[in-house]
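Hello,

Here is the structure I promised to pass on. My notes follow below it.

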Amino acid sequence: MTLLVLSSFAVALTLVGFFVSVPLFQRLTLLGLSLALFSLLLTWGKPFAFGPYQVDGISQVFTLLALLGALWTVGLVRTRRFEFYLLVLYAALGMHLLASTQNLILMLVALEALSLPLYALATWRRGEGLEAALKYFLLGALAAAFFLYGTALHYGATGSLLAGTPGEGPLYALALGLLLVGLGFKVALAPFHFWTPDVYQGSPTPVVLFMATGVKAAAFAALLRVGPGALDALALLIALSVLLGNLAALGQKEAKRLLAYSSIAHAGYMALALYTGNLQALGFYLLTYVLATGLAFAVLSEISPDRVPLERVKGLFHQDPLLGLGLFVSSLSLLGLPPLAGFWGKYLVFSEAAQAGAWGLLVLALVTSAVSAYYYLALGLAVFQKGAAEAHPRPLARSVALGVALLLILLGLIPGAVLPALAAG
């Protein structure tokens, strides 16, 4: 049903886009995404399959997170062109397809369906956006080629196009390695992360929010289906991501670039949950990450749609208390301090790693998480320092910042409110 709602609205809005006002088009897009989310919740826990398309627990959990990112982006952006909302809708459709199949060919089609709109969205603001989009496009095309070649080798090694099909031998190992490269690019796992800082910094802030939330959720759904067959390679990517992401973030003086490097580290922590095979831990971590990083980028977008040096964040609480509080809470949640939801996300992942006996990865994750306190506290506490921060937020932005900040606190106090649903999903 979710696929039908998204595809129907995408086609219908494509036809009427030139005949309705942009504000109405934005509301129609929000309606389509909201109905898709409602249909997903209506069928929660009810598996469904039609050919290579299948709705199962992985599909439902990660589609939910992707739709939240899409809704947030459409509600946040200010533009006079309806094409922006249409591109987000088509990307959301690709995300749902990516999360809802084990067929490697359909995965590739879904990857391109979500990637092509993002290439266009990254160019929404000319100048630096063109450079960001070009880097994203070229590396994305290379990653797609790796994924396609890996799919061909996977079929040659196993005789099947279904991800997760067991195999053996060097051909199978090479196939899994190439598939990991293709998906590692989308989730920004090191060493396939080089596009992330430049693209995050050069793209419009609402687009970055979409990349950091919805895209990451959908790509992790695909990685969850492919990754278990290549745990040794995945362990190496985890170690590189948490190490390089956190160390590189230490010296950043621009907020979006700092959060870009931190997203690489968080991709490593999420991959650690995938390494242990715990869907509940991965789903909850992604939920807290989507809320916290989405809140951070939402606040930054009210300061500037382009670059946001850390100097421009100083004094934000004095200029607008709700926005300042939102950025402060999101920073502490990303750090993983109690009583915020990010604490339980890291606790679940780290405890699962301990139970799985992955002590080397666990120690590295704990140490690098402690290192991240330096830059997260610098970002969060900057809002209380003396400065000349300027923001011109809409009332809706203030309300969303307050609501999400309270939700992060609430989930930190009662994480059990959503954990059973993630497990059942």
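**Ser331 and helix H14**

Ser331 is in contact (heavy atoms within 4.5 Å) with Tyr376, Leu379 and Gly380, leaving aside its neighbours within four places in sequence. Ser331 sits in helix H14. Helices here are DSSP runs of H or I with at least four residues, numbered from the N terminus. Ser331 counts as buried, at 1% relative accessibility. Buried means under 20% relative accessible area, exposed means over 50%, and partly exposed is in between, with a 1.4 Å probe and protein chains only. The C-alpha atoms of Ser331 and Leu64 are separated by 23 Å, and the two are 267 residues apart along the chain.

Leu323 is also in H14, which covers residues 321-335. Leu323 counts as buried, at 1% relative accessibility.

**How to read the model**

This is a predicted model, in which local features need pLDDT of at least 70, side-chain atom pairs count only at pLDDT 80 or more, and totals for chains, interfaces and linings use all residues. Residues are numbered from 1 along each chain as its sequence is written, and side-chain values use heavy atoms, with hydrogens and water left out.

H9 covers residues 205-226, 22 residues in total. From first C-alpha to last, H9 reaches 31 Å, close to the 32 Å expected at 1.5 Å a residue. That expected span is 1.5 Å times one less than the number of residues. H9 bends by about 30 degrees at Lys216. The bend is the angle between axes fitted to the seven residues ending there and the seven starting there. How many residues of H9 are buried? The count is 22 of the 22, so H9 is largely enclosed by the rest of the structure.

Two packed helices are described by the angle between their axes and the distance between the axes. The axes of H3 and H9 come within 8 Å and cross at roughly 170 degrees. Axes are lines fitted to C-alpha atoms, for helices over the stretch in contact, and angles run from 0 to 180 degrees between N-to-C directions. H3 and H9 are therefore roughly antiparallel, a label for angles over 145 degrees. On the H3 side, the contact residues include Phe62, Leu65, Gly69, Trp72 and Leu76. On the H9 side, they include Leu209, Phe210, Thr213, Gly214 and Phe220.

**Aromatic pairs**

The whole structure holds 19 aromatic pairs. Rings of Phe, Tyr and Trp (its six-membered ring) pair if their centres lie within 6.5 Å; planes under 30 degrees apart count as stacked, over 60 as edge-to-face and the rest as tilted.

- Phe18 and Phe82 have ring centres 5.0 Å apart and planes at 80 degrees, so the pair is edge-to-face. The pair links distant parts of the chain, 64 residues apart. Phe18 is in the loop between helix H1 (2-16) and helix H2 (22-42). Phe82 is in the loop between helix H3 (57-76) and helix H4 (83-99). Phe18 is exposed, at 66% relative accessible area, whereas Phe82 is buried, at 9%.
- Phe343 and Trp344 also pair edge-to-face, 5.1 Å centre to centre with 75 degrees between the planes. Phe343 is partly exposed, at 26%. Trp344 is partly exposed, at 29%.
- Ring pairs link Tyr119, Tyr136, Phe137, Phe185, Trp195, Tyr200 and Phe297 into a cluster.

**Backbone points**

Most residues other than glycine have a negative phi, and most peptide bonds are trans. Please look at these sites.

- Ala188 is not a glycine, yet has a positive phi of about 65 degrees. Ala188 lies in the loop between H7 and H8. Ala188 is buried, with 1% relative accessible area.
- Ala190 and Pro191 are joined by a cis peptide bond, with omega about 10 degrees. Pro191 is in the loop between helix H7 (170-187) and helix H8 (195-202).
- Pro338 to Pro339 is a cis peptide bond, with omega near 10 degrees. Pro339 is in the loop between H14 and helix H15 (341-355).

**Thr288**

One last residue. Thr288 is in helix H12, residues 279-303. Thr288 is buried, with a relative accessible area of 4%. Leaving aside neighbours within four places in sequence, Thr288 is in contact with Ala341, Gly342, Gly345 and Leu408.

Best wishes

Notes. Helices (H or I, at least four residues) and strands (E, at least two) are DSSP runs, numbered from the N terminus. Angles under 35 degrees count as roughly parallel, over 145 as roughly antiparallel, 65 to 115 as roughly perpendicular and the rest as oblique.
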